[in-house]
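Look over the model first, then read the points below.

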Amino acid sequence: CPLRLPAPEPHAPPGATRCPGPWAKSEHIPLCSSNAESLDRLLPPVGAGRSPRKRTTSQCKSEPPLLRTSKRTIYTAGRPPWYNEHGTQSKEAFAIGLGGGSASGKTTVARMIIEALDVPWVVLLSMDSFYKVLTEQQQEQAAHNNFNFDHPDAFDFDLIISTLKKLKQGKSVKVPIYDFTTHSRKKDWKTLYGANVIIFEGIMAFADKTLLELLDMKIFVDTDSDIRLVRRLRRDISERGRDIEGVIKQYNKFVKPAFDQYIQPTMRLADIVVPRGSGNTVAIDLIVQHVHSQLEEVSGLAALASAHQCHPLPRTLSVLKSTPQVRGMHTIIRDKETSRDEFIFYSKRLMRLLIEHALSFLPFQDCVVQTPQGQDYAGKCYAGKQITGVSILRAGETMEPALRAVCKDVRIGTILIQTNQLTGEPELHYLRLPKDISDDHVILMDCTVSTGAAAMMAVRVLLDHDVPEDKIFLLSLLMAEMGVHSVAYAFPRVRIITTAVDKRVNDLFRIIPGIGNFGDRYFGTDAVPDGSDEEEPYTG
């Protein structure tokens, strides 16, 4: 029997009219109003009487990230729980399933859990992305609200299961993007990478036995049918371009019968039932507390110390010797009064020194050549196959000319990482890598690394393309200690090379004392409000 969490007191605005139930016919429509905005009056406010949470992630703080539980505090130093102390994957990610009727508030509950979890690397996977590709006949039926999207056969469960399996293993997946206005998949696919926590939400989240076995925790969001209908009306009218009669017709013909036959019976499979969905903040807190305790168990990390304990910088870090020349160039680029021309000039000089320093860590072997005088010279030759540079856009591309200047025939790849505004987590948006990169030594370039989140995702991308971890060199002009720890503990065989390491990151995720937003100063663009040193467009 699932645990049913208590429902909070309902909140209804004064004078609100109760919307007719699922039995409503078109002649009752005036009670609900066809205006999508007026439907908002009929919905209870989310989290009423409670101050909103401040959006945070563990890797976006000035101190090393922590997993907080009711028992004790665990220092993770940015290492995702699926990595052990040796940097190898030991545990699968923790998967939460969120089931419930259409418009019951599953997505909102998922986002509230993500906010409250406050741990790095959370992936939200929606079942809505996995509707099957419709035939021409089915497309015609869908256009007239005669296709049943609330039946298990409407979903591609094989693709859902394979996707979730890969995510739990920390591998990359391509997720289809579904267009609800045309009832079809778009040509573009979204790439996701594995996470500490995977939240999978959908009306049929518990409808497949194999899928159920992949879920470590099952939550059913139980919301009143009237509320669900009003939400569906508001959503389909304002977001999906539907008319109110079509929405009611589809609801009565498919949505309500499917809920009674396929969805409501799965409530008994849930570990926890959450009445009133996103309005039940008490239930959210209890769920988050349980997930934290599970993460503590999964991570297998010992409680080391408080967040303020000093942790030595890792051995994989190499900092360019702070000569008077290097210190002088840092003085110039850190000075807010420095002109753009001077900033670019001295940044390029530092980049050249940094890359030449990095090349000394490449493998070399003994070789003998003959001089023009006919004499043998015992020298060194590069022992690898090829060198490839990969820049994290946009600031990382400024290091490409320096790399090309010292490495003949170097190949270049690019990675674009952006923040998911709903989860605050980094997502891969563009990738261009040379073929056979797995045989190369890869120089990964980003001008500043503050929290390390973007750099970690970039490393994950390279690993997913079979680049050995010990062949990855992360280069950055400036890093924060927090970012160094995050990368080094997650990937202990990645060589980290920089010209300087600053002590901390402030509340706006800027390195302190830092150099400001490198991309804005280099390209002469306007600063992004509340931006970060970890270059825009990723702001974590």
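Rings of Phe, Tyr and Trp (its six-membered ring) pair if their centres lie within 6.5 Å; planes under 30 degrees apart count as stacked, over 60 as edge-to-face and the rest as tilted. Tyr-131, Phe-147, Phe-149, Phe-155, Phe-157 and Tyr-178 form one aromatic cluster. This is a predicted model, where local features need pLDDT of at least 70, side-chain atom pairs count only at pLDDT 80 or more, and totals for chains, interfaces and linings use all residues. Residues are numbered from 1 along each chain as its sequence is written, and side-chain values use heavy atoms, with hydrogens and water left out.

**Aromatic pairs**

- The pairing rule gives a count of ten aromatic pairs.
- Tyr-131 and Tyr-178 make a tilted pair, 5.2 Å centre to centre with 45 degrees between the planes.
- This pair links distant parts of the chain, 47 residues apart: Tyr-131 is in the loop between β5 (122–126) and α3 (136–143), and Tyr-178 is in strand β6 (residues 173–179). Helices (H or I, at least four residues) and strands (E, at least two) are DSSP runs, numbered from the N terminus.
- Tyr-131 is buried at 7% relative accessible area, and Tyr-178 is buried at 8%. Buried means under 20% relative accessible area, exposed over 50%, and partly exposed in between (1.4 Å probe, protein chains only).
- Phe-364 and Tyr-382 form an edge-to-face pair, 6.4 Å centre to centre and 65 degrees between the planes.
- Phe-364 sits in strand β12 and Tyr-382 in strand β13, so the pair ties together parts 18 residues apart in sequence.
- Phe-364 is partly exposed at 42% relative accessibility; Tyr-382 is partly exposed at 25%.

- β12 (residues 364–370) and β13 (residues 376–382) pair in the antiparallel sense over seven bridges. Two strands pair if DSSP finds at least two bridges between them.
- Phe-364 stands opposite Tyr-382.
- Five residues separate the two strands of this hairpin, and Gly-374 in the turn has a positive phi of about 80 degrees.

**A parallel sheet and its helix**

- Three strands form an open sheet in the order β18-β20-β22, with parallel pairing.
- β18 (448–449) and β22 (501–502) are the edge strands, each pairing on one side only.
- Two bridges join β18 to β20 (residues 478–480), and Thr-448 stands opposite Leu-478.
- Helix α13 (residues 481–490) lies across β18, β20 and β22, at about 80 degrees to β20. Contact means heavy atoms within 4.5 Å. Axes are lines fitted to C-alpha atoms, for helices over the stretch in contact, and angles run from 0 to 180 degrees between N-to-C directions.
- Nine of the ten residues of α13 are buried, so the helix is largely enclosed by the rest of the structure. Among them are Glu-481, His-485 and Ser-486.

**Backbone exceptions**

- Most residues other than glycine have a negative phi, and most peptide bonds are trans.
- The bond from Leu-393 to Arg-394 is cis, with omega near 10 degrees.
- Ile-512 and Pro-513 are also joined by a cis peptide bond, with omega about 5 degrees.
- Asp-409 has a positive phi of about 60 degrees and is exposed at 57% relative accessibility.
- Asp-466 has a positive phi near 65 degrees and is exposed at 59%.
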